[in-house]
Amino acid sequence: MGKWIDALVTLGLLGGTALALYYLFQKLGPPSQFTKEQWDIFWSMGDINRDGYIDDKDLELLRKAYDTNDPNCDLNKDGIVDTKDISIIGHNYGKNIWDFYGVKKI
Ligand SMILES: [Ca+2]
Ligand SMILES: [Ca+2]
């Protein structure tokens with residue numbers, strides 16, 4: 001009987017720890033290998049959704065924001081989303097943040 005109680009207490013503790021870690025992960029998000037500044041630089045090269053890749057998803061976001069002043073898509077920060085911003089993505093298309101900074105992806 002005592003063994004069962006010990007086992008249950010252990011399970012309870014493990015479950016509690018796992019739950020606490022889960023909530024912490026949800027709150028803080030996955031650990032990032034890069035600083036905010038590094039993400040900002042890569043954003044300015046065309047990674048609008050900040051997923052680490054400059055690809056069709058970013059082009060699509062830029063297309064939707066075309067001819068607006070959406071600061072999230074205004075890569076050269078000249079106040080308008082236009083062909084200049086598209087050409088920035090075009091220039092960097094296919095790059096990813098890990099290769100760019102020479103960091104192994106975890
Ligand atoms: Ca992206
Ligand atoms: Ca612009």
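Predicted model: local features only at pLDDT ≥ 70, side-chain atom pairs only at ≥ 80, totals over all residues.
Residues are numbered from 1 along each chain as its sequence is written, while chains are lettered from A and ligands numbered from 1 in the order in which they are written.

Start with the overall layout. The protein splits into domain 1 (1-31) and domain 2 (36-101), with bounds that come from an automatic or database domain assignment. Between the C-alpha centres of the two domains there are 41 Å.

Now look at helices α3 (residues 56-64) and α4 (residues 83-92), which pack with their axes 11 Å apart and at an angle of about 180°. Helices here are DSSP runs (H or I, at least four residues), numbered from the N terminus. The axes are lines fitted to C-alpha atoms over the stretch in contact, and angles run from 0 to 180 degrees between N-to-C directions. So α3 and α4 are roughly antiparallel, a label for angles over 145 degrees. On the α3 side D58, L59 and L62 meet D85, I86 and I89 of α4; contact asks for C-beta atoms, placed from the backbone, within 7 Å. That contact is made up of 4 nonpolar residues, 2 charged and no polar, where Leu and Ile count as nonpolar and Asp as charged.

Buried takes 20 or more other C-beta atoms within 10 Å of a residue's own, exposed 12 or fewer, and partly exposed is in between, with C-beta atoms placed from the backbone. Leaving out residues up to four places away in sequence, C73 touches I48, L61, L62, A65, V81 and D85.

What about the loops? Most residues other than glycine have a negative phi. In the loop between α3 and α4, D67 has a positive phi, near 70°. K77 is found in the loop between α3 and α4, and its phi is positive too, near 55°. D67 is exposed, with 8 other C-beta atoms within 10 Å, and K77 is exposed with 9.

Finally, G94 sits in the loop between α4 and α5 (97-101). G94 counts as exposed because it has 8 C-beta neighbours inside 10 Å. Its C-alpha atom is separated by 6.9 Å from that of Y53, 41 residues apart along the chain.

Note on methods: Contact = placed C-beta atoms within 7 Å. Helix = DSSP H or I, 4+ residues; strand = E, 2+ residues; numbered from the N terminus. Parallel < 35°, antiparallel > 145°, perpendicular 65-115°, else oblique.
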